[in-house]
Amino acid sequence: MKSERFLDKRLAGPGLLLLLAGLALLALLLWPASGRSPVDPVVVRVKRAPLTINVLASGTIKARDQVVISNSLEGRTTILSLVAEGTQVRAGELLIELDASSLQDRRIDQQIVVQNAEAAFVQARENLEVVKNQARSDVEQARLARRFARDDLAKYQQGEYPAQQQEALARIALAEEELRRAEEKRSWSQVLFDERFLSQTELQADELAAQKARIDLELSRGRLTLLRDFDHPRRLLELKAEVDKTAMALERTERKAAADVVQAEAELLARTTTLERERGKLDKISQEIAKTRVLAPQDGMVIYATSTQASWRGAVEPLAAGQEVRERQELIYLPASGARLVETKIHESDLQQVQVGQRALVRLDALPGQIFAGRVESIAVLPDATSAWLNPDLKLYNTEILLEAESHALRSGMNCQVEILIDQIDKALVLPLQAVLVQEGQALAYQPGTPPRPVPVRLGRHNAYQVEIVDGLEAGAAVLLNPPLQADGAL
């Protein structure tokens, strides 16, 4: 029957490596001291002692309040120069200078584009005024043509036609009078001819004059008929048609003028938008060029972002001149105060135990023997994406520990070990964690013998090294430190 060591799921966190190292060291210390051979079983006794419930994790020191200076240039660019790490700088001092050569070339090209856009804008603006003037002129001319056509119609109806008709009537009246006189003269001439006072020739001349007067009268009457029946209706239709024609021409001219103005305005709007867009591009390029000189926003000590970062592929390449950086990449940290934080990661199995406000002890690799007190300040809501990507079964939550005291010895990027204090049991029956096995869901401790005898136990709380025995063993009972993985009589 298979058995497995008691490893509660809560022990699968980042402190597992530390636990294994401690167990190995303990085994090395016990064997030489007892004088046993490597095959002799190691026996420990259940004892009553204080049990500190804690969570162990590794972390990194960083400033609590710090300004993060990132690369705000679009795309990728190269560092030309940067201030040395650890330098104390003042606000406004140059921190990093980035390569701006390509941006300078782009600005020159964009300036040419802006100049062309300005010329097109001026042309469109002046063209709009020309079109407006031409439109007003065309509309005014069409209105005058319509007015003249109406005046011509009124002039004909009220002046020309009545005058022509009166003239025709007058001609008829004169012709009638001329005919009457010619008839009277012919009649007297006939009388005189009969009495031999006039010659035949003179009589014929008077008859011819009367005939001419009669013909003139007929012609005058014909002209009046022609005027009334033909010339007048035709001329009236022509003048009315001209009025309608000029009215339609005016409407057509007004519409065309409005369309021309709208088109010119649209062209001006397009040129204006193009000019604004090209100017915006030029301003953006100028802003990008300004971003190539990164200045310190405040006083502080320069810390390279790469000094506090790690990558799943190994160490991050240190920040240096000639290095290519991407947009939004963090480059430099400027601490704003002496307060320090510890960045650590808590395994999901310990997440229920760790709460904001709990006390923590921090030990630094660079400062052996010194312990710094702190408290849990924040716990991430979601697991760290990088850890989850590397191992989908590993869920670590970013946690920050605020150190209570400031110290000039603490520097960002230092490695440390964090002990979060969960609880304290003053008197508990405890065993080393590796002295307990779980077989088919039952916790077992093995007492010495041939073969070793399994004893069912009920477990309480534990830390990274010890576990509380709630029931099954009494104080002083001897158990094997390294119980067999497979034993006779195992439950």
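Visitor: Which residues are linked with Glu177 in a network of salt bridges?

Guide: The model is predicted, with local features needing pLDDT of at least 70 and side-chain atom pairs counting only at pLDDT 80 or more, while totals for chains, interfaces and linings use all residues. Residues are numbered from 1 along each chain as its sequence is written, and side-chain values use heavy atoms, with hydrogens and water left out. A salt bridge requires a side-chain nitrogen of Lys or Arg within 4 Å of a carboxyl oxygen of Asp or Glu. Under this rule Glu177 is linked in a network with Arg180, Arg181 and Glu184.

Visitor: How many salt bridges does this rule count?

Guide: Side chains of opposite charge can pair when their charged atoms come close. With the rule applied to this model, the count of salt bridges comes to 31.

Visitor: Which residue meets Arg90 in a salt bridge?

Guide: The partner is Asp299, with 3.9 Å from N to O. The pair links distant parts of the chain, 209 residues apart, since Arg90 sits in the loop between strand S6 (88-89) and strand S7 (94-98), and Asp299 in the loop between strand S8 (293-295) and strand S9 (300-301); helices (H or I, at least four residues) and strands (E, at least two) are DSSP runs numbered from the N terminus. On the scale where buried means under 20% relative accessible area, exposed over 50% and partly exposed in between (1.4 Å probe, protein chains only), Arg90 is exposed at 57%. At 41%, partly exposed, stands the residue asked for, Asp299.

Visitor: Which helices hold Glu118 and Arg279?

Guide: Glu118 and Arg279 form a salt bridge whose closest N and O atoms are 3.1 Å apart. The pair ties together parts that are 161 residues apart in sequence, because Glu118 belongs to helix H2 (residues 101-194) and Arg279 to helix H3 (residues 200-291). Glu118 is partly exposed at 30% relative accessibility, as is Arg279 at 39%. The helices are therefore H2 and H3.

Visitor: How many residues apart are Arg235 and Glu238 in their helix?

Guide: Arg235 and Glu238 form a salt bridge, with their closest N and O atoms 3.5 Å apart. Arg235 is partly exposed at 35% relative accessibility, and Glu238 is partly exposed at 39%. Both lie in helix H3, where about one turn of the helix separates them, a spacing of three residues.

Visitor: Is Ser189 buried or exposed?

Guide: Ser189 lies in helix H2. Residues up to four places away in sequence aside, Ser189 touches Leu198, Leu203 and Asp206, where contact means heavy atoms within 4.5 Å. With a relative accessible area of 4%, Ser189 is buried.

Visitor: Which strands stand at the edges of the sheet with a single partner strand each?

Guide: Two strands pair if DSSP finds at least two bridges between them, and three strands form an open, antiparallel sheet in the order S4-S12-S10. One side of each edge strand is left without a neighbour in the sheet, so the edges are S4 (66-70) and S10 (303-304).
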